[in-house]
Amino acid sequence: MRLSKWQALGNDYLLVEQAELADPLTPDRVRRLCDYHYGVGSDGLLEIVAADATHADVRIWNPDGTTAELSGNGVRIVVAWLAERSGTDHVTVRVGEREVDGLVRSDGQIELDVGRVEVGESETLDLGDERVEFTPVSVGNPHAVVRREPEPGEVLRLGPRIERHSRFPERTNVQLVRVDGPHDLTVGVWERGAGETLSSGTSSVAAAAAAVTNNWCESPVHVHLPGGDLLVQLDEKGRARLTGPAEEICRIELS
């Protein structure tokens, strides 16, 4: 099996073409590959189901063997991979039913047209020993945005409790958000199926969309994550553009 390993602000993914696989990927196989002690190690796996010069279909695997509806960092990685392979700067990536247009800018940053983001009314979640107010957001995948100091201890404490709360039958991604200014957020991420991560593209979009809707910020929003910064632009129709880096780390051949 030939793999490449990529990272986007410290959020690392394995990338493999389905055509290169002797046997289909399974949840157990994905878990073993993503394990940092017994496998290659990563925050997830990008399976290229099909690709031509300007289009790629991808299945996004979480490290626990489940699949994700979307990953902003993962899609930026696929855009960078396909653009480099094809020698073009504009490509389209399909994840499930969602198509995302990607552009490799002259400065090397990857810009995605993420599409429409849906922001719901704020709710209160009963965790038993405390109540947490959050804003539900869909970026094609579910998010719960909590305005609270994004200390690592709080991310680790609240993240798994909110992710698996009965309010979210399919589980949810969780963001703890601090407003630093009219165009700046600091965000801590608990990713569904992966745990705490250094960065997340869709979490950044969700946090920015919640901040703009709740009048905490105005677009564009600079999202500051432990792994680095992403830029989110939102138009008046609720469509989002996400810009940030993605780079290949190494190539691996497994027996």
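Helices, of at least four residues, and strands, of at least two, are DSSP runs numbered from the N terminus. With elements named in this way, the largest share of the lining of the second largest cavity, three residues, comes from H4. The model is predicted.

**Overall form**

- The secondary structure of the protein consists of four helices and 19 strands.
- The radius of gyration is 17 Å, close to the 18 Å that the globule rule gives for 255 residues, so the protein is as compact as a globular protein of that length.
- Taken along the principal axes, the box filled by the C-alpha atoms is roughly 50 × 40 × 30 Å.
- Of the 255 residues in the protein, 53% are buried.

**Helix H2 and its ends**

- Helix H2 covers residues 72–86, and its 15 residues should span 21 Å at 1.5 Å a residue; the end C-alpha atoms are 21 Å apart, in agreement with that expectation.
- H2 is mostly covered, with 12 of its 15 residues buried.
- The buried residues of H2 run from Gly 72, Asn 73, Gly 74 and Val 75 through Arg 76, Ile 77, Val 78 and Val 79 to Ala 80, Trp 81, Leu 82 and Ala 83.
- Ser 71 caps the N-terminal end of H2, with a side-chain oxygen 2.8 Å from the backbone nitrogen of Gly 74.
- Ser 71 itself belongs to the loop between strand E5 (67–68) and H2.
- Ser 71 counts as buried because its relative accessibility is 5%, and the cut-off for buried is under 20%.
- After H2 comes Gly 87, which has a positive phi near 70°.

**The largest pocket**

- The largest pocket holds about 320 Å³ of space.
- This pocket is lined by 15 residues, and the closest to its centre are Leu 3, Ser 4, Glu 17, Trp 81 and Arg 251.
- Two or more lining residues come from each of strand E1 (2–8), strand E2 (11–17), H2 and strand E19 (247–253).
- By class, the lining of the largest pocket comprises eight charged, six nonpolar and one polar residue.

**The cavities**

- How many cavities of 30 Å³ or more does the model contain? The count comes to two.
- The largest cavity has about 90 Å³ of space.
- Leu 70, Asn 141, Asn 173, Glu 191 and Thr 202 lie nearest the centre of the largest cavity, among the 15 residues that line it.
- E2, H2 and H4 each supply at least two residues of that lining.
- The lining of the largest cavity divides into 10 polar, three nonpolar and two charged residues.
- The second largest cavity has about 40 Å³ of space.
- The lining of the second largest cavity is made up of Leu 70, Gly 72, Val 75, Val 100, Leu 112, Val 114, Gly 201, Thr 202, Val 205 and Leu 242.
- H2, strand E8 (110–116) and H4 each give two or more residues to the lining of the second largest cavity.
- Seven residues of this second lining are nonpolar and three are polar, with no charged residue.

**Backbone details in the loops**

- The peptide bond from Ser 219 to Pro 220 is cis, with omega near 0°.
- Pro 220 is placed in the loop between helix H4 (201–213) and strand E16 (221–225).
- Asn 215 is also found in the loop between H4 and E16, and its phi is near 65°, a positive value in a residue other than glycine.
- Is Asn 215 buried or exposed? Asn 215 counts as exposed, because its relative accessibility is 68% and the cut-off for exposed is over 50%.
- Arg 171 has a positive phi of about 65° although it is not a glycine.
- The loop that holds Arg 171 lies between helix H3 (152–163) and strand E13 (173–181).
- Arg 171 counts as buried, because its relative accessibility is 16% and buried means under 20%.

Key: Residues are numbered from 1 along each chain as its sequence is written. This is a predicted model: local features need pLDDT of at least 70, side-chain atom pairs count only at pLDDT 80 or more; totals for chains, interfaces and linings use all residues. Side-chain values use heavy atoms; hydrogens and water are left out. The expected span of a helix is 1.5 Å times one less than its number of residues. Buried means under 20% relative accessible area, exposed over 50%, partly exposed in between (1.4 Å probe, protein chains only). A polar contact is a pair of N or O atoms within 3.5 Å; within protein, one must be able to donate a hydrogen and the other to accept it, and residues adjacent in sequence count only if both atoms are side-chain atoms. On a 1 Å grid over the protein atoms alone, a cavity is a set of points where a 1.4 Å probe fits but cannot get out, and a pocket is an open set with protein on both sides within 12 Å along at least five of seven lines; lining residues have an atom within 4 Å of a point. Grid points are joined across faces, edges and corners, and a volume is the space filled by probe spheres set on the points. Ala, Val, Leu, Ile, Met, Phe, Trp, Tyr, Cys and Pro count as nonpolar, Asp, Glu, Lys and Arg as charged, and the others, Gly among them, as polar. The radius of gyration is taken over C-alpha atoms; the globule rule is 2.2 Å times the number of residues to the power 0.38.
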